[in-house]
Amino acid sequence: MPATPTPYPESTAAPSQDVSTTSAASQQTPAFSPLYQQIKVLILQSLQVGEWKPSTAIPSEVELAVRFKVSQGTVRKAIDELASENLLLRRQGKGTFVATHAERQIQYRFLKLIPDNGDPSSEGPAQRQIIDCKRSRASVEVARALAIRQGDAVLQVRRVLSFASTPTILEDLWLPAAPFKGLTAERLRDYDGPMYALFETEFDVRMVRAEEKIRAVLPDLEQCALLKISARSPLLSVERTAYTYNDIPMEMRRGLYLTNKHYYRNALN
């Protein structure tokens, strides 16, 4: 069981010596951070070590308040923030659950290409064609993105996503080899669900956030063949680094998006 913070009036900051000696959160949060932020860190630690698995319920607010020796309101505020970050899901009358990439709303959180009619579900799930899944060595760019050394082993995946039988997205992915040991093209082809859900259920790696860079490009000849387009077709190049808990990078992805029937949508909060 994680260490618990010593209770103190929630309207005041904890003395730094109390935080450092009584709470595991002290190593990850500044001294004088709000108590609910310390509870958030402790809940995140439990998620990271797998105490509560994706799609399963976490303890109730009352139980967590007893465990951490704080008020129920403090726990609620921590959970509210984790829910706003799509790490937890509240279900009316049922409790709070660990979010999973098998959930529809979580799937669409990472899929930003929307059909022109504005309804992501109108086309149904993407048709996936796995071109390759091979072991290689990290280039300078990949090593930097994944926080590993140049030359370290990585898995490189290439796939095409089609909507209404039209090739629309060409993706190249690089993954650190060790956490994804056993991942093969056959395994990717056989899995009937989102790739991030596969990573979550079979490799215990959950992507919790991502950063993207977007630019306009023209395809090369190989990309033209895979997407069945001409060399003059404009594409969006979307470069993504995805992170698991504690901001550990677990994927570098480069996608080429065809946007003649779709647009890229991002909500800014």
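Cys 224 is buried, at a relative accessible area of 8%. Buried here means under 20% relative accessible area, exposed means over 50%, and partly exposed lies in between (1.4 Å probe, protein chains only). Cys 133 is also buried, at 16%. The structure holds zero disulfides. A disulfide is counted when a pair of cysteine sulfur atoms lies within 2.5 Å. In general, such a link is a covalent bond between the sulfur atoms of two cysteines.

The model is predicted, so that local features need pLDDT of at least 70 and side-chain atom pairs count only at pLDDT 80 or more, while totals for chains, interfaces and linings use all residues. Residues are numbered from 1 along each chain as its sequence is written, and side-chain values use heavy atoms, with hydrogens and water left out.

The protein has 269 residues, of which 45% count as buried. Among contacts with a separation of 6 or more, 57% join residues 24 or more positions apart. A contact means heavy atoms within 4.5 Å.

Nine helices and ten strands make up the secondary structure elements. Both are DSSP runs numbered from the N terminus: helices are H or I with at least four residues, strands are E with at least two. Six of the strands form an open sheet, in the order S4-S5-S6-S9-S8-S7. The pairing is antiparallel. S4 and S7 (209-217) are the edge strands, and each pairs on one side only. Neighbouring strands of the sheet are turned by 15° against each other on average, direction ignored. Two strands pair if DSSP finds at least two bridges between them.

Strand S5 spans residues 153-163. Eleven of its eleven residues are buried, so S5 is largely enclosed by the rest of the structure. Both faces are covered. One side carries Ala 153, Leu 155, Val 157, Arg 159, Leu 161 and Phe 163. The other carries Val 154, Gln 156, Arg 158, Val 160 and Ser 162. Strand S4 (residues 127-137) runs antiparallel to S5 and is joined to it by ten bridges. Across this pair, Gln 127 stands opposite Ser 162. Ten bridges also join S5 to the antiparallel strand S6 (residues 166-176). Here Val 157 has Leu 173 as its bridge partner. Gln 156 stands opposite Trp 174.

S5 and S6 form a hairpin with two residues between them. Ala 164 is found in this loop. Its phi is near 50°, a positive value in a residue other than glycine. Most residues other than glycine have a negative phi. Ala 164 counts as exposed, at 57% relative accessibility. Asp 204 also has a positive phi, about 55°, although it is not a glycine. This residue is found in the loop between H8 and S7. At 55% relative accessibility, Asp 204 counts as exposed.

Helix H8 (residues 195-203) lies across S5, S6, S8 (235-244) and S9 (248-258). The helix runs at about 160° to S9. Axes are lines fitted to C-alpha atoms, for helices over the stretch in contact, and angles run from 0 to 180 degrees between N-to-C directions.

A second hairpin is formed by S1 and S2, with three residues between them. Strand S1 (residues 88-91) and strand S2 (residues 95-98) pair in the antiparallel sense over four bridges. Arg 91 has Gly 95 of S2 as its bridge partner. In the turn, Gly 93 has a positive phi of about 80°.

The largest nonpolar core has 20 residues. Such a core is a set of buried Ala, Val, Leu, Ile, Met, Phe, Trp, Tyr and Cys residues joined through side-chain atoms within 4.5 Å. Ile 39, Ile 43 and Leu 64 have the most contacts inside the largest core. Helices H2 (35-48), H3 (61-68) and H4 (72-84) each supply at least two residues of this core. The largest share, five residues, comes from H2. A second, separate core has 19 residues, including Val 157, Leu 173, Leu 188 and Met 207.
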